[in-house]
Amino acid sequence: MSKDWKARTKLVHEGIRRSDYGEVSEAIFLTQGFVYESAEAAEARFIGAGSDEFIYARYGNPTVRMFEERIAALEGAEDAFATASGMAAVNAALMSMLKAGDHVVSSRALFGSCLYILEEVLTRFGVEVSFVDGTDLDQWRAAVRDGTKAVFLETVANPTLEVIDLAAVADIAHGVGATVIVDNVFATPVFSRAVELGADVVIYSATKHIDGQGRALGGVVLGTRDFIRKTAEPYLKHTGAAMSPFTAWLMLKGLETMDLRVRAQAETALRVAGELEGHNKLSRVLYPHLRSHPQYAVARRQMGAGGTVVSLDIAGGQPAAFRFLNALELVTISNNLGDAKSIITHPATTTHQRLGDEQRAALGIGPGLVRLSLGLEDADDLVADLARALEAA
Ligand SMILES: *Cc1c(COP(=O)(O)O)cnc(C)c1O
């Protein structure tokens, strides 16, 4: 469709495949297979792999394809493959392109399951992985070498919200011919400039801002047509990480409202961060678009807004953090993010429990740190709830 459309128009109209009935809302093609007019037609379709026809829903499905085309258009990527979860997308991006003997450089501050794939899975198959402090460009320069196959990073780290200078890391990586693979969940698809800044492969957990209403798991790998069709697709279609057509329909509906939702959530996040900064019960307020953020300049350059998550370090450690969480009446204790409902989590005892104290300390995940995902509630009500609960901490 039109390349000139602005983001919000693409999110409503891009990728639509209308059936002969002319339905307004995208149809759910809840079918695993497709019939052929003849034996010859079946043969031809199997030969023409990659052509715009469907064979089996593990390979592709019209509803899923609508979602893939819409999110690819938004991201400015040539193509996309949707997956059953964000982690299926991360796993496929890495496993589809790596083999024994390859070298990968990754930032250390990663979502727990991403760290598991890099640290435990890839290394079992003979891939060498070097970890660096992603915010220190000298460490990236020192770690890459001729023949480094890929670099992996989260542009904004969970839950410390460190921001990595993507353009600079991409330059370093491309200097040795490495593919730049980015988990861009915290930047959100709305504020992403990942492709423009040099990412070759971009991954989203659609579970987060794309659904945005806490209903379904999903993920997507975005990249060049060559990477998606020749590298990712063969791996994905044979290993079975396909997104279901029903989920794709939920995600299409999510995309229609995503820009409005995420901008409202980011506005609330900035306000909450600003109002809580300096509070006597908090030792730190972390938000990429607060001036006090260590990578404020990079965050301003790289992200149109600071995202929808604020991290708070509660003075008084875990007991105080638990008192704070338990005193909240509006903000719910859970571990999703990007949801319409504001959600808070204590990473040290939940999402990052698997790491030892030492590893957590190295990543800046102290016992008082809480991660707050701002939802769509009225910001006044959220500020009041948070301020009242802080008194209980
Ligand atoms: C949630 C998340 C994932 C995993 O996504 P799922 O849909 O839960 O599999 C990966 N990376 C980041 C940064 C995330 O926040």
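Is threonine 188 buried or exposed? Threonine 188 counts as buried, because its relative accessibility is 0%, where buried means under 20% relative accessible area, exposed over 50%, and partly exposed in between (1.4 Å probe, protein chains only). Before we go further, please note that this is a predicted model, in which local features need pLDDT of at least 70 and side-chain atom pairs count only at pLDDT 80 or more, while totals for chains, interfaces and linings use all residues. Residues are numbered from 1 along each chain as its sequence is written, and side-chain values use heavy atoms, with hydrogens and water left out.

Let us stay with threonine 188 for a moment. Threonine 188 lies in helix 8, residues 188-191; helices (H or I, at least four residues) and strands (E, at least two) are DSSP runs, numbered from the N terminus. Its phi is near 70°, a positive value in a residue other than glycine. Most residues other than glycine have a negative phi, and most peptide bonds are trans. Leucine 161 also has a positive phi, of about 60°, and is buried, with a relative accessible area of 1%. You will find leucine 161 in the loop between strand 4 and helix 7.

Now turn to the ligand. It is surrounded by 13 residues, and the closest are Gly86, Asp183, Ser205, Thr207 and Lys208; a residue is counted here if one of its heavy atoms lies within 4 Å. By class, this shell has five nonpolar, five polar and three charged residues. Nonpolar covers Ala, Val, Leu, Ile, Met, Phe, Trp, Tyr, Cys and Pro, charged covers Asp, Glu, Lys and Arg, and the others, Gly among them, are polar. A polar side-chain atom of aspartate 183 lies 2.6 Å from a ligand nitrogen. A ligand oxygen is 2.8 Å from a backbone N or O atom of glycine 86, and an oxygen atom of the ligand is 2.8 Å from an N or O atom in the side chain of serine 205. Taken alone the ligand exposes 380 Å², and the protein buries 91% of that, with areas from the Shrake-Rupley method and a 1.4 Å probe.

Charged pairs come next. Side chains of opposite charge can pair when their charged atoms come close. The count comes to 28 salt bridges, each a side-chain nitrogen of Lys or Arg within 4 Å of a carboxyl oxygen of Asp or Glu. One of them joins glutamate 128 and arginine 145, with the closest N and O atoms 2.7 Å apart. Glutamate 128 lies in strand 3 (residues 128-132) and arginine 145 in the loop between helix 6 (137-143) and strand 4, so the pair ties together parts that are 17 residues apart in sequence.

Arginine 271 is worth a look too. It meets glutamate 275 in a salt bridge at 2.8 Å, N to O, and because the two are four residues apart in helix 11, about one helical turn separates them. Arginine 271 also meets aspartate 380 in a salt bridge, at 2.9 Å. Here arginine 271 lies in helix 11 and aspartate 380 in helix 15 (residues 379-392), so the pair ties together parts that are 109 residues apart in sequence.

Note on methods. Polar contact = N/O pair within 3.5 Å; in protein donor to acceptor, adjacent residues only side chain to side chain.
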